[in-house]
Amino acid sequence: MRKTSNSFSKQNSQQPKAFRGGEKKVMKKSLLSLALAGSMLSALAVPAFAATPSDVVGKPVQSAVEQLTALGIVQGYADGTFKPDNTITRAELAKIVIVATGNESSANLMANTAPAFKDVKKGAWYTGYINAAAAKGFIQGYNGKFRPNDTIKFEEVTAILVRALGYQDKYLSGSWPYNVLLQADEVGLFEGVDAANGTNATRGVVAELTSNTLDKQLVSYNADGDLGYLLVDTDGDGKGDAAKLFISKLGAFEPANVLTAGALNSSGQISLGGKSVATAKEFFVTGGKKLSELLGHTVSVLKNKNGEVIAVTDAQEAGKIVNASTDVDTITLGSTTPAVPADLTFKVNNGAATYTATADVKVFVNSVEQNLPYTFTNDQDVQLLLNSKGNVQAILVSTWKSDNVFKEVVSYSTYSRIIGKDGYSVKVDANTAITLDGKAAKLADLKENDIVNYVVNGDTALQVVATRNVVTGKLQAVGNDGKGNATYTVNGTTYTQAGTQVSALTASAIGTEYAFNLNKDGKVVYYATTTATAAANYAIIFTADNKADHSGYSVINNGVVEGGYYKVVYYSLKDNTKVTAYTKDEDYTAGTLVPLKTDSNGLLTLNVGDKDSNNVAIADDVVTSLTGTAVTAVDSTKVTAGTTYRLDSSTVYLKLGVNATTPADSTVTAATAADVTKGATIAVRSNDTGVAQYVIVLGSGSVDQLAQAQGLFISKSLTATTTNEADNVYTIKLNVNGETKSFNVDKATYLATYADNDVVTLTDAATGAGAGDGKYDAKAIATAVAKTPYKPAVVDDPATPADETAPAVPADLSVTDISGKKLNFLGAPYVVTGATQIFIKKTDGTIATTNFTDVLVAADNLGVGSGKYEVKLAGTGTSYNGNNEAGVILITAH
């Protein structure tokens with residue numbers, strides 16, 4: 001806390017004598033400032049987060065307000081504000097000082113006694129507080145009046161707090177108010193307070209002064225007027241051995257300790273020096289930090305009167321935090337059997353520095369404590385936390401998942417998930433530390449295409465380090481750094497690409513304007529064009545000459561005749577026009593759908609088996625053959641033509657009319673989904689999640705088979721209209737997307753055994769008996785259940801005789817790609833599509849339709865206990881790029 005202009009001469013300050021216990025004690029500043037900049041900790045922990053008033057966040061007064069609010073000394077307003085700049089009344093200050101000194105019960109008893117001042121009404125809200133403050137000698141009136149509703153001056157607030165510490169005006173040097181101001185400055189009440197003598201005190205200033213008073217030692221005078229500090233007996237020997245503080249009736253301070261877990265345990269306990277300690281219902285980490293950020297740090301601890309930890313404050317000096325790179329080395333505590341000497345000295349930064357660890361040193365890898373001896377590998381990122389003597393008390397080893405491109409956040413009730421553009425997802429909870437460009441940030445501050453690095457424990461991020469550095473401009477040149485990494489020149493500066501989040505740009509992209517997203521090292525991780533790229537930037541090749549046809553064409557280029565060109569006639573889906581072009585790229589083939597690209601000379605170009613200037617292979621462009629495949633099944637969400645493709649609102653339908661005699665005169669016209677029927681011949685271009693981008697119709701067909709039906713079983717019924725059993729109508733009712741629907745089935749399907757809410761699939765035969773009779777003649781009931789969560793590997797502890805080694809066991813259900821809605825269910829890959837029905841069976845037995853978010857929650861909380869979920873899944877039988885389509889998902893909540 002900073003010193004301010006409120007500094008007065010300390011001459012003639014009194015030297016105290018010790019009273020209780022007969023021991024002389026010297027006043028020392030508290031180990032922590034009591035600034036409770038609240039942060040909720042683990043979402044699984046018992047303690048809860050108390051919101052900081054919105055109008056003090058980020059202001060100097062924030063810590064004091066949070067602290068006093070946590071201790072019940074002050075309160076904010078119903079609108080979530082504190083109004084720190086508002087003045088405070090004398091009555092309000094009386095309440096604050098009485099509550100802060102733990103005398104509120106006395107105030108309650110004196111609420112209806114005769115007021116100490118003639119202008120204080122009996123029975124008013126403030127009467128008891130004013131009476132108690134007067135009885136304690138904290139306040140004085142004016143000619144028998146207190147003026148409870150008047151504002152109060154800065155020096156009057158100071159005087160009341162100084163008196164509450166036990167100092168008496170008559171024993172202080174100097175005249176009023178300088179006698180109390182001098183004493184207040186002597187004990188440190190003005191640290192961090194920016195106010196002037198003679199001004200009206202504001203709520204914020206009073207909060208700061210009161211905050212600074214809490215950890216100050218109480219004093220008393222003997223009969224001779226000698227001043228001494230009050231002590232308390234903490235070890236039961238009848239002697240005072242610790243300072244009695246202003247806050248002593250509300251709580252207590254404890255010496256600095258080492259935080260030895262980065263989150264509260266399942267019982268809501270904090271780990272200090274390796275011991276679990278209970279925390280209060282409302283628990284705070286000061287300074288706006290997360291508990292995970294303080295792992296291994298020296299912290300100061302504040303407890304309430306029940307001995308529960310209210311808050312921890314980072315007390316680790318900045319100079320005692322060392323970031324380094326490890327060398328191969330081992331630290332060990334040693335042992336007697338077998339005889340191994342202790343070795344607590346190790347080197348870092350390629351031998352440039354040597355450190356010695358304490359005998360109780362803790363080593364953490366991504367927040368998980370490691371057993372000693374521990375061996376460092378080379379070039380690990382490590383943070384060394386030193387104690388006051390410069391020895392290492394904790395070692396934090398971090399392994400990073402680097403250069404992930406941020407896409408979006410999916411939020412749940414107690415945590416969120418960050419989703420990357422590559423499908424990677426990681427859980428983020430209230431204990432995750434997030435920074436953006438080196439500054440503390442919130443999850444909501446992250447934007448699409450930010451470059452993010454993670455430190456992850458299990459599936460939860462401990463640290464999220466985001467970088468937002470975007471370079472925008474036209475691509476001027478492409479190249480290679482000689483190490484296989486692409487380089488791009490933009491605005492005269494050359495940048496190297498890092499990773500494979502995006503494919504390398506080629507010369508055909510020169511002249512296009514891009515936004516390049518750089519990582520913390522200034523390397524390109526992601527790029528995108530600055531203007532929307534037309535979805536139809538493709539071409540259908542009608543005709544194409546190549547080396548197999550003839551030696552090529554000659555064209556005039558800048559007045560010079562050049563040979564070796566090839567003629568291509570194509571239809572541009574971007575411009576809806578037929579184009580004749582000449583190119584030196586012989587990779588084009590008639591009857592294909594290809595990306596429409598040009599090189600730096602404006603010539604058509606296609607990457608097929610090409611290499612760059614360093615002989616490094618360039619990713620091939622996707623070429624879609626337009627020979628066509630017959631449609632065997634189709635509905636509003638998917639079509640099967642050899643492969644099954646998903647259909648959605650982005651799918652473009654076209655008709656290709658091939659002129660066999662003169663291919664260059666072929667035509668392309670618009671089509672609709674209605675043109676895609678069973679038996680039709682189509683060609684499809686799809687993305688990597690199986691969504692059809694283009695469906696090109698080459699011929700028509702027809703439909704006669706019942707579409708597959710899926711849902712949850714409700715009931716079955718038989719209707720007999722004649723004595724002929726063949727005329728019986730067998731019906732099964734299913735819950736389909738929350739609606740009851742009836743399906744005619746054959747007798748065998750009807751007679752099968754069903755249970756309520758069975759996941760049922762009904763199918764109709766395409767050929768043979770029963771085909772075309774308008775009845776479903778086969779059924780499947782899903783029985784497999786996902787309920788076992790992930791079990792981490794167990795590593796044998798050499799200190800124990802039993803072999804505890806066991807491999808990790810994957811969860812029965814896991815989400816492998818949130819954005820792509822891909823799952824792994826009992827070892828098989830599935831994808832959730834727009835046609836997937838998702839139900840949840842609640843704890844009261846009722847069924848409701850739900851969405852993919854509840855699938856994510858269930859995957860994170862598999863099990864059969866309370867608060868856990870089981871999942872059944874039935875596929876549709878359709879596969880999208882190797883992923884089975886999920887037809888029905890039933891989540892059962894326990």
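A charge sits over a ring if NZ of Lys or CZ of Arg is within 6 Å of the ring centre and within 35 degrees of the ring normal. Select Arg 90 and Phe 146 to see a case: the charged end of Arg 90 sits over the Phe 146 ring, 4.4 Å from its centre. A further case is Lys 716, whose charged end sits over the ring of Tyr 750, 5.0 Å from its centre.

The model is predicted: local features need pLDDT of at least 70, side-chain atom pairs count only at pLDDT 80 or more, and totals for chains, interfaces and linings use all residues. Residues are numbered from 1 along each chain as its sequence is written, and side-chain values use heavy atoms, with hydrogens and water left out.

**The whole protein**

Helices (H or I, at least four residues) and strands (E, at least two) are DSSP runs, numbered from the N terminus. Of the 894 residues, 44% are buried, where buried means under 20% relative accessible area, exposed over 50%, and partly exposed in between (1.4 Å probe, protein chains only).

**The nonpolar cores**

Next, select Ile 73, Ile 130 and Tyr 167, the residues with the most contacts inside the largest nonpolar core, which has 71 residues. Such a core is a set of buried Ala, Val, Leu, Ile, Met, Phe, Trp, Tyr and Cys residues joined through side-chain atoms within 4.5 Å. Helix α2 (residues 90-100) supplies the largest share of this core, eight residues. Apart from it lies another core of 28 residues, including Ile 838 and Ile 891.

**Helix α4**

Select residues 127-136, helix α4, in which seven of the 10 residues are buried. Among them are Tyr 129 and Ile 130. The buried residues of α4 pack against α2 and α3 (104-109). Just after α4, Gly 137 takes a positive phi of about 80°.

**Aromatic rings**

The whole structure contains 20 aromatic pairs. Rings of Phe, Tyr and Trp (its six-membered ring) pair if their centres lie within 6.5 Å; planes under 30 degrees apart count as stacked, over 60 as edge-to-face and the rest as tilted. Select Phe 516 and Tyr 527, a tilted pair with 6.2 Å centre to centre and 55° between the planes. Phe 516 lies in strand β28 (residues 513-518) and Tyr 527 in strand β29 (residues 524-529), so the pair ties together parts that are 11 residues apart in sequence. Both Phe 516 and Tyr 527 are buried. Finally, select Phe 346, Tyr 355, Tyr 374 and Phe 376, which ring pairs link into a cluster.

Conventions: Contact = heavy atoms within 4.5 Å.
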